[in-house]
Amino acid sequence: MEIKSKVLVIGGTGYLGKRLVKASLGQGHETYVLYRPEIGVDIEKVQMLLSFKEQGAHLVQGSFNDQRSLVDAVKLVDVVICAVSGVHIRSHQILLQLKLVDAIKEAGNVKRFLPSEFGTDPAKMENAMEPGRVTFDDKMVVRKAIEDAGIPFTYVSANCFAGYFLGGLCQPGHIIPSREHVSILGNGKERAIYVDEDDIAMYTIKTVDDPRTLNKTLYIRPPNNILSQREVVQIWEKLIGKELRKSTISSEEFLACMREQDYAEQVGLTHYYHVCYEGCLTNFEIGDEGEEASELYPEVKYTTVEKYMKRYL
């Protein structure tokens with residue numbers, strides 16, 4: 001019988017983290033969830049942690065402010081997955097992972113570390129614009145620390161979270177699709193890749209004991225979900241039986257509007273620009289340094305864009 005790795009999830013009460021915990025438990029891994037002593041009276045997170053415990057997870061107290069607690073938590077497991085936020089409109093915590101890298105190095109027992117990535121591959125974004133490039137630069141700092149420390153890794157590039165992109169028909173600031181109007185970004189023909197967040201978690205957990213993904217990047221590119229904004233809109237129009245009114249936003253207009261926003265908003269809008277105006281998710285081939293998730297794990301029946309969008313009807 002195959003012995004599955006013990007998994008520690010850090011950021012387990014977050015948007016993706018809670019799905020990682022569920023997927024890890026569902027795939028039979030002994031699963032540990034780090035929780036902060038400074039959780040205070042955040043009742044929703046406490047209730048979520050208790051729910052994880054009822055499902056069989058182990059709760060481990062630890063904090064980025066207490067290095068010894070990180071080392072002790074890491075020593076309990078074989079694989080560490082970090083899902084701390086890298087989104088500036090929430091809380092940008094990517095560089096906190098440098099403390100986790102130190103803890104993993106000191107513990108000396110971890111077989112694989114999956115840092116908080118899950119979006120655009122930062123290694124492909126060396127020419128990204130300010131201020132959005134800070135996200136990619138910080139992730140590359142963490143990658144360098146991991147590799148310099150000789151820690152085995154898998155990086156996960158999950159592209160566009162479906163809830164954020166499909167829910168708003170690829171329009172920034174929208175997460176529920178309109179039945180009346182849509183703003184098309186540029187010509188609306190640059191293709192992006194949309195992935196159900198539960199599928200991201202499933203594919204991620206599939207990698208933890210897979211030698212094919214060791215020291216590589218896992219790209220999640222479900223073939224039926226590689227679509228342009230116009231194609232996404234067409235799917236929605238078909239579902240609602242109605243054609244939307246359309247206007248277009250040129251790249252110049254988008255950038256001018258972006259510069260009027262606060263710093264956190266500008267960071268996120270820069271990412272939208274690279275995805276929707278430049279096609280940064282699909283303008284390269286996966287090389288020897290990467291693997292594609294739907295090819296490695298055909299048994300995962302991923303959620304198509306059309307199926308995902310039916311929830312909004």
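Predicted model: local features only at pLDDT ≥ 70, side-chain atom pairs only at ≥ 80, totals over all residues.
User: What share of the contacts between residues at least 6 apart in sequence join residues at least 24 apart?

Analyst: The chain holds twelve helices and 13 strands, and 52% of its 313 residues count as buried. Of the contacts between residues at least 6 apart in sequence, the share joining residues at least 24 apart is 80%.

User: Is L34 buried or exposed?

Analyst: L34 sits in strand β2 (residues 31-35). Beyond its neighbours within four places in sequence, L34 is in contact with several residues, including L8, I10, V60 and L70. Its relative accessible area is 11%, and the cut-off for burial is under 20%. L34 is therefore buried.

User: Why are D72 and R68 separated by about one helical turn?

Analyst: The side chains of D72 and R68 meet in a salt bridge, 3.6 Å from N to O. Both are partly exposed, D72 with a relative accessible area of 39% and R68 with 43%. They are separated by about one turn because they lie four residues apart in helix α3 (residues 67-74).

User: Which residue forms a salt bridge with D121, and where does that partner lie?

Analyst: Side chains of opposite charge can pair when their charged atoms come close. For D121 the N to O distance in the salt bridge with R143 is 3.0 Å. This pair links distant parts of the chain, 22 residues apart, with D121 in the loop between β5 (112-114) and α5 (133-148). Both residues are buried; the partner, in helix α5, is R143.

User: How many residues apart in sequence are the parts tied together by K216 and E291?

Analyst: K216 forms a salt bridge with E291, with the closest N and O atoms 2.9 Å apart. K216 belongs to strand β10 (residues 216-219) and E291 to strand β13 (residues 290-292), so the pair ties together parts whose separation in sequence is 75 residues.

User: Are K216 and E291 buried or partly exposed?

Analyst: The relative accessible area of K216 is 22%, and that of E291 is 21%. The cut-off for burial is under 20%. Therefore K216 and E291 both count as partly exposed.

Key: Residues numbered from 1 in each chain as written. Heavy atoms only, no water. Helix = DSSP H or I, 4+ residues; strand = E, 2+ residues; numbered from the N terminus. Buried < 20%, exposed > 50% of the residue type's maximum accessible area, 1.4 Å probe, protein only. Contact = heavy atoms within 4.5 Å. Salt bridge = Lys/Arg side-chain N within 4 Å of Asp/Glu carboxyl O.
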